[in-house]
Amino acid sequence: MPQAGSLCVWRIQNWSGGEGCVGLRRRRGWGGGRSRLHGNPREPWQLCRAGSAGAEALASGGAASTERPGPLQDETLGVASVPSQWRGVQGIRGETKSCQTASTATAEAPAQTRKHVDAEVQTEAPEPVSQQPVPQCDGPRLVAFLRRVEAMVTRELNKNWQSHAFDGFEVNWSEQQQTVTCLHTLGYPPAQGQGLHVTGVSWNTTGSVVACAYGRLDDGDWSTLKSFVCAWNLDRRGLNLQQPSAVVEVPSAVMCLAFHPTQPSHVAGGLYNGEVLVWDVSHPEDPLLWRTGLTDDAHTDPVCQVVWLPGPQHGHRFQVLSVAADGKVLLWLAVGAGRLQLSAGFALAVQQLPRSTKLKKPPRGETEVGATAVAFSSFDPSLFVLGTEGGFPLKCSLAAEEPALTRMPSSVPLRAPAQFTFSPHGGPVYSVSCSPFHRNLFLSAGTDGHVHLYSMLQAQPLTSLQLSHKYLFAVRWSPVRPLVFAAASGEGDVQLFDLQKSSQKPTVSIKQTQDESPVYCLEFNRQQTQLLAAGDAKGVVKVWQLSSEFTEQGPRETEDLDQLAAEVAT
């Protein structure tokens, strides 16, 4: 340890090998006590950096001051430079290395070969075509012949010009179909597994979709039975006969249905519990559009038939007309919140039936007449025909104003629509159909197995045909042949009549079911007129392709229909 008052120089080498310099601060004390170099700033000596001049002064060894020590004060001395020897000793050490990948191997191989083949063909040498000599025309003789026959040819042409033998005849260039064939056999296994019947069929406005209603027409309480409405698009590629294009589950048996006249996907249906509903089969996940609900206005008996009619004020809006065995004929109009609202209503009361024919006396206490079927005239939109449980058809009008004598509750006044009563069948009438070609003719079919052809102008039928020993459930006029109609029988047959050929026996009888299960409904396709759909008790819908004799109108067929109606009516 140095003595007090002496100057100490310390050589400090930095760790990085560079040069370093230090400065010393000397503190004067009151006596010659000990001093030491320390890193604590509270010690008397402190180490600091300084310039090179201070270092040189330290190296020269300056004399100690003789002044009397005074109070402690700081003094800055020179800077000492200490060269570093470490960098020269260590030098710069470096190594150079290299690497090389293995040599790349290459090879050549052919990837494609070509073969050339030459061949020649030669046709046979053409034979020269011999030209036939043009015959020489004997001009004078030809002129003499034409002058001789000119008057006779002119007379025959004038006679043919005035003939009506080909009036209404249209040339059909399509391939002629000589037989009636089954085009499709449609069914829905879940409905068939429950033993449900096809209670109604309908074609949509495009003629490509056929829909059917599943329910029950035999005895029993089916009000709580779940049923279905199914639709098949026959023009869809990959048609599955056992999987409909749309399926609507309904909480009650569906007794009838009808497609909208202009909306291809809207279909109305009548239920066993008296409700009327409208569905959109293009949205099977949520198909219900409107419903009547079980209100006081609704039917109290199963709905037998529904029909779409134009609205009273807006031609683009349609109403749904429903008929039921409770004797009411109701008109429903769609309003907001998915509801069908009653817009007009009619009721059939026994005491208000026209006495144009002798009818059986109704049971005591019975005042309503149950309606079973309805058909509208193609010539008068307010005129319609009702089939009844009593077996007599009724001519009715939507324009009737007479109040109905009934106590049935209703939010609108009920009117009496009946204007004329026709001669009855031997049992209830299940179906009626108005002719699309004659304003006064309509057909009716009943449980007595007969089809009656009526004129609106007289009570007695023009003709009566017994088609079955069991019930007849449906009858429909052809939309393209004035003298053709079809009927569905309880013996499993679909019978096609052509009154131009025979007025007593069917032209063709089609076997719909092999075990003689009843055929409950049928409908002609108005767009694809060669198609006829029929539904039966087996839950099957068969689409029949008709032969050309049932789709092509014969000469003077309309005149023959007019003559039939005029001759009998006189």
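Mentor: Happy to! There are two cavities of 30 Å³ or more, a cavity being a set of points on a 1 Å grid over the protein atoms alone where a 1.4 Å probe fits but cannot get out. The model is a predicted one, in which local features need pLDDT of at least 70 and side-chain atom pairs count only at pLDDT 80 or more, while totals for chains, interfaces and linings use all residues. Residues are numbered from 1 along each chain as its sequence is written, and side-chain values use heavy atoms, with hydrogens and water left out.

The largest cavity has a volume of about 40 Å³; a volume here is the space filled by probe spheres set on the points, which are joined across faces, edges and corners. Find Ala 347, Leu 348 and Ala 349 in your view, then Gln 352 and Leu 353, and finally Ala 416, Pro 417 and Ala 418: together they line the largest cavity (a lining residue has an atom within 4 Å of a point).

Ala 418 gives us a way on to the strands. Among the residues lining the largest cavity is Ala 418. An open sheet of four strands runs in the order S17-S18-S19-S21, with antiparallel pairing. Its edge strands are S17 (371-376) and S21 (418-421), each of which pairs on one side only. Strands are DSSP runs of E with at least two residues, numbered from the N terminus, and two of them pair if DSSP finds at least two bridges between them. On average, neighbouring strands of this sheet are turned by 30° against each other, direction ignored; the axes are lines fitted to C-alpha atoms, and angles run from 0 to 180 degrees between N-to-C directions.

Now move to another sheet. S4-S32-S31-S30 is the order of a second open, antiparallel sheet, also with four strands. S4 (181-187) and S30 (519-524) stand at the edges with a single partner strand each, so one side of each has no neighbour in the sheet. The twist in this sheet averages 20° from one strand to the next. Six bridges pair S4 with S32 (residues 540-545) in the antiparallel sense, and Gly 187 stands opposite Val 540 in S32.

S30 also leads us to the side chains. Glu 523 forms a salt bridge with Arg 476, with the closest N and O atoms 2.9 Å apart. Glu 523 lies in S30 and Arg 476 in strand S26 (residues 472-477), so the pair ties together parts that are 47 residues apart in sequence. A salt bridge here means a side-chain nitrogen of Lys or Arg within 4 Å of a carboxyl oxygen of Asp or Glu, and the count by this rule is nine. Glu 523 is partly exposed, with a relative accessible area of 22%, whereas Arg 476 counts as buried at 17%. (Buried is under 20% relative accessible area, exposed is over 50% and partly exposed is in between, with a 1.4 Å probe and protein chains only.)

Another of these pairs is Lys 511 with Asp 493, whose closest N and O atoms are 3.4 Å apart. Lys 511 is partly exposed at 33%, and Asp 493 is buried at 10%. Salt bridges also link Arg 481, Asp 498 and Glu 557 in a network.

Rings of Phe, Tyr and Trp (its six-membered ring) pair if their centres lie within 6.5 Å, and planes under 30 degrees apart count as stacked, over 60 as edge-to-face and the rest as tilted. There are twelve aromatic pairs. The rings of Tyr 430 and Phe 473 have centres 5.4 Å apart and planes at 15°, so they are stacked. Tyr 430 lies in strand S22 (residues 429-434) and Phe 473 in S26, so the pair ties together parts 43 residues apart in sequence. Tyr 430 is partly exposed at 34%, but Phe 473 is buried at 14%. Finally, look for Phe 420, Phe 422, Phe 442 and Tyr 454, which form one aromatic cluster.

Key. On a 1 Å grid over the protein atoms alone, a cavity is a set of points where a 1.4 Å probe fits but cannot get out, and a pocket is an open set with protein on both sides within 12 Å along at least five of seven lines; lining residues have an atom within 4 Å of a point.
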